[in-house]
Amino acid sequence: FGIAIEEGDIKSIDQTVDAYLPELKGSGYDGVKIKDVLQMSSGVKFNEDYSDLDSDINRYFKGFILGDSQDVFTSSLVNEIPPGTFNRYVSIDTHVLGMILVKATGKSLTDYLHEKIWKPIGAEYNAFWLADGKGMEMANGGLNATLRDFAKFGRLYKNKGNWDGKQIVSKAWIEASTF
């Protein structure tokens with residue numbers, strides 16, 4: 001996300017989600033700032049109880065397994081509390097960020113990750129991203145890679161976005177995203 005901002009594909013985290021995803025107008029993400037989604041304070045009502053078969057997360061997974069669109073599922077969610085007022089983990093917030101990246105860059109998450117991070121850090125193996133029946137990657141946990149390549153990604157963050165003298169992700173973004 002930081003790279004997309006640095007390169008001007010995303011103008012500001014103070015923009016609203018629907019500026020990039022008009023299909024989410026009228027949903028729980030309508031008028032929500034990207035910053036609130038990044039900070040898991042979107043205010044979207046989402047039951048993350050994995051032991052409850054009727055919870056939102058389990059309804060999401062059932063649809064995913066059946067090949068349903070994650071984007072359509074996301075558009076069905078409603079807002080529960082004012083955005084930016086309460087931090088609560090919501091898996092689908094991460095999916096929304098993936099949707100924004102795809103829309104803003106014109107590239108799939110797979111292609112964007114490969115071009116902007118995987119190749120520059122010298123990942124040894126191709127990563128594999130689970131995708132729904134429409135081809136949208138599962139941004140909330142579907143990335144599969146080797147331990148060594150995940151460690152390289154961790155090293156990139158540990159070094160404030162710098163890889164062997166080349167700034168891949170801006171230091172300011174790394175610091176802001178880990179504060």
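This is a predicted model: local features need pLDDT of at least 70, side-chain atom pairs count only at pLDDT 80 or more; totals for chains, interfaces and linings use all residues.

Residues are numbered from 1 along each chain as its sequence is written, and side-chain values use heavy atoms, with hydrogens and water left out.

Take lysine 103 and glutamate 23, a salt bridge whose closest N and O atoms are 3.5 Å apart. This pair links distant parts of the chain, 80 residues apart: lysine 103 sits in helix 6, glutamate 23 in the loop between helix 2 and helix 3. Helices here are DSSP runs of H or I with at least four residues, strands are runs of E with at least two, and both are numbered from the N terminus. Both partners are partly exposed, lysine 103 with a relative accessible area of 44% and glutamate 23 with 39%. For these labels, buried means under 20% relative accessible area, exposed means over 50%, and partly exposed is in between (1.4 Å probe, protein chains only).

Now look at lysine 152, in helix 8 (residues 147-158). Is lysine 152 buried or exposed? It counts as buried, because its relative accessibility is 17%. Lysine 152 forms a salt bridge with glutamate 124, and here the closest N and O atoms are 3.7 Å apart. Glutamate 124 lies in the loop between helix 7 and strand 1 (128-129), so the pair ties together parts that are 28 residues apart in sequence. Glutamate 124 itself is partly exposed, at 44% relative accessible area. Setting aside residues up to four places away in sequence, lysine 152 touches Ile121, Gly122, Ala123, Glu124 and Trp163; a contact means heavy atoms within 4.5 Å.

Glutamate 115 is partly exposed at 34%, whereas lysine 116 is buried at 16%. Lysine 152, for its part, is buried at 17%. Salt bridges that share partners also join Glu7, Lys107, Glu115 and Lys116 into one network.

**Into the core**

In soluble globular proteins, nonpolar side chains tend to be buried together. Here the largest nonpolar core has 43 residues, and those with the most contacts inside it are Ile10, Tyr29, Ile92, Val96 and Ile100. Such a core is a set of buried Ala, Val, Leu, Ile, Met, Phe, Trp, Tyr and Cys residues joined through side-chain atoms within 4.5 Å. Helix 6 gives the most to this core, with 7 residues. As for tyrosine 29, leaving aside neighbours within four places in sequence, its contacts include Val17, Leu24, Val37, Val44, Leu77, Ile92 and Val96.

Because 12 of the 15 residues of helix 6 are buried, it is largely enclosed by the rest of the structure. Just after helix 6, glycine 106 takes a positive phi of about 75°.

**Pocket and cavity**

About 1,000 Å³ of space lies in the largest pocket. On a 1 Å grid over the protein atoms alone, a pocket is an open set of points with protein on both sides within 12 Å along at least five of seven lines, a cavity is a set of points where a 1.4 Å probe fits but cannot get out, and lining residues have an atom within 4 Å of a point. Grid points are joined across faces, edges and corners, and a volume is the space filled by probe spheres set on the points.

Which residues lie nearest the centre of the largest pocket? They are Phe1, Leu101, Phe153, Tyr157 and Trp173, out of 31 lining residues. Helix 7 supplies the largest share of this lining, 6 residues. There is also 1 cavity of 30 Å³ or more, and the residues lining the largest cavity include Met40, Ile81, Phe86 and Arg88.

How values were computed:
A salt bridge is a side-chain nitrogen of Lys or Arg within 4 Å of a carboxyl oxygen of Asp or Glu.
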